[in-house]
Each structure stands twice: as C-alpha cells, then as structure tokens.
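Open the model in your viewer and keep the selection tool ready. The tour goes stop by stop.

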Amino acid sequence: MTKNNDKEDDIGEHIILFDSADPTIPVEVSLESEFLKRTCDEEDEEKEEVVVGVEGMTCQSCVRNIEENIGKQSGIISIKVSLQNKNAKISYNSLRTDPQRIKEAIEDMGFDASLPESERTTVIHIEGMTCQSCVNNIQSKLKERDGVISIKVNLENKSGEIVYNPSLLGVEDLCEAIDDMGFEASVPNQTSSHAPRTEGLSSKNSTKDLEAKDEKRK
C-alpha cells in the first residue's frame, strides 16, 4: 500500500490500495469516508438507550436547552426531551459515555435527574373479554404505548401479564388504558388472582360499581 500525498480535494486525503484480484490495478479510497464508515459501524454496535427522568422543566425553552447541551456531550447519538412526560430519551455510545455521566450532566444544568428503575411486571384482572379478538385488541393497543415492553393476555384466566417501564407509566395508567377500550381492569389482591382490589382503582371501578357488577353476573 502506498500513500498519495499529492491528491487532496474537498472530501479529504486519499490513499491508494491495490485490488487483491489484480495487484496491478490501483484503487483510490477516501480516508475520511472510510473513517466515517468505521465510526458509524462502531456506533451501531455500541448503541444503547436510556430514559432519564427530568424534574424542574417549566417550558419548551428548558427542553431545547437540555437537548442542545446534552446533545453536544461526547458519546451522545440522539436525544429527545418530553416536557409532558418529564423525561429524556437518549441514545448513546456505551464506549464513550454511560447513564450516570448523562444524569450528572443534566444535574449540572440545574435540573433534577433520575435513572429509570429496572422493568416491572404486573398482572391485571380484565373483565369483559369474550373472544380471541378481544385479547388481540388489548395486546396490540397496549403495545403501542410508550413504556410497555411486553404483554400477554389470557382469555381463560381473565388476566393480562404486562412488563413495563415504571419511569414512563404506572399500573393505574395501564388499567385506565384497558378501561378506555371498553373492558374493566383492576389489580388483583394477594389472596385471590381474580378478586378486584378497590384501593388504587380508576374511578370507573369504584366499590359500588364492582358490587353491582358482581351481583349482575350472579
């Protein structure tokens, strides 16, 4: 391989390689294009994502400020801040930075930042399902929600096992989403996998409503 120092253009310096199939044929390659290709490949291989909770934002100016400043940090690939959800979804190169450094950088800007908890699993009792179409409807719509990692609904047991990100939504949010589809969602208590718990349920599932519906089913 020989280096050609005389050839430069707007793209950058080039090198001359020789085709392995025919060593007499030189092949000109841009150093910069090869470097960028390797860099992109490395970033794809080491790309990871984290959702950081951010407290203290009051307007879109705060959002832009965080996106611009954190976006300039070494290793940050992309960042999207949500004022409504009070969080920042960040893609980063794990070889250059990590969630703790990102959290500290946001805190240095005067905001309160928190790293997400590990994923949680909950089982929700679901009344009103009559067929597999109901199951598919609940599963497909809940999968579209941010924070829902996986869901498996069981028609026979009248339940849904959901793995979710607690930094993005809670059990109450999941119950309300199922209620909005026309079903009745509640959180089972510890003694029975099907007995609805009145504490922490949405307004649609008040104690009075549950008693009336139980009586009607009898």
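Select residues 190-208. Here pLDDT, the predictor's confidence in each residue from 0 to 100, stays under 50. The model has 32 contacts beyond four places in sequence for this stretch, a contact being heavy atoms within 4.5 Å. Where pLDDT is low, the predicted coordinates should not be read in detail. Now select residues 33-38. pLDDT stays under 50 there too, and the model has 1 contact beyond four places in sequence for them. Over the chain, the mean pLDDT is 76, and 65% of the residues reach 70 or more.

This is a predicted model, in which local features need pLDDT of at least 70 and side-chain atom pairs count only at pLDDT 80 or more, while totals for chains, interfaces and linings use all residues. Residues are numbered from 1 along each chain as its sequence is written, and side-chain values use heavy atoms, with hydrogens and water left out.

Next, show the open sheet. Its 4 strands come in the order E5-E6-E4-E7, with antiparallel pairing. Helices (H or I, at least four residues) and strands (E, at least two) are DSSP runs, numbered from the N terminus. Two strands pair if DSSP finds at least two bridges between them. Strands E5 (76-82) and E7 (112-114) stand at the edges with a single partner strand each, so one side of each has no neighbour in the sheet. On average, neighbouring strands are turned by 25° against each other, direction ignored.

Zoom in on E5 and E6 (residues 87-93). 6 bridges join them. Pick Ser-82: its bridge partner in E6 is Asn-87. H3 lies across E4, E5, E6 and E7, at about 30° to E4.

Move to strand E8 (residues 120-127). 6 bridges join E8 to E10 (residues 159-164), running antiparallel. Arg-120 has Tyr-164 as its bridge partner in E10. E8 also has 3 bridges to E11 (residues 184-186), again antiparallel. There, Ile-126 is partnered with Ala-185.

Last stop: Asn-165, in the loop between E10 and helix H5 (171-180). Is Asn-165 buried or exposed? Asn-165 counts as buried, at 16% relative accessibility; buried means under 20% relative accessible area, exposed over 50%, partly exposed in between (1.4 Å probe, protein chains only). Beyond its neighbours within four places in sequence, Asn-165 contacts Pro-116, Gly-147 and Ile-149.

Note on methods. Axes are lines fitted to C-alpha atoms, for helices over the stretch in contact, and angles run from 0 to 180 degrees between N-to-C directions.
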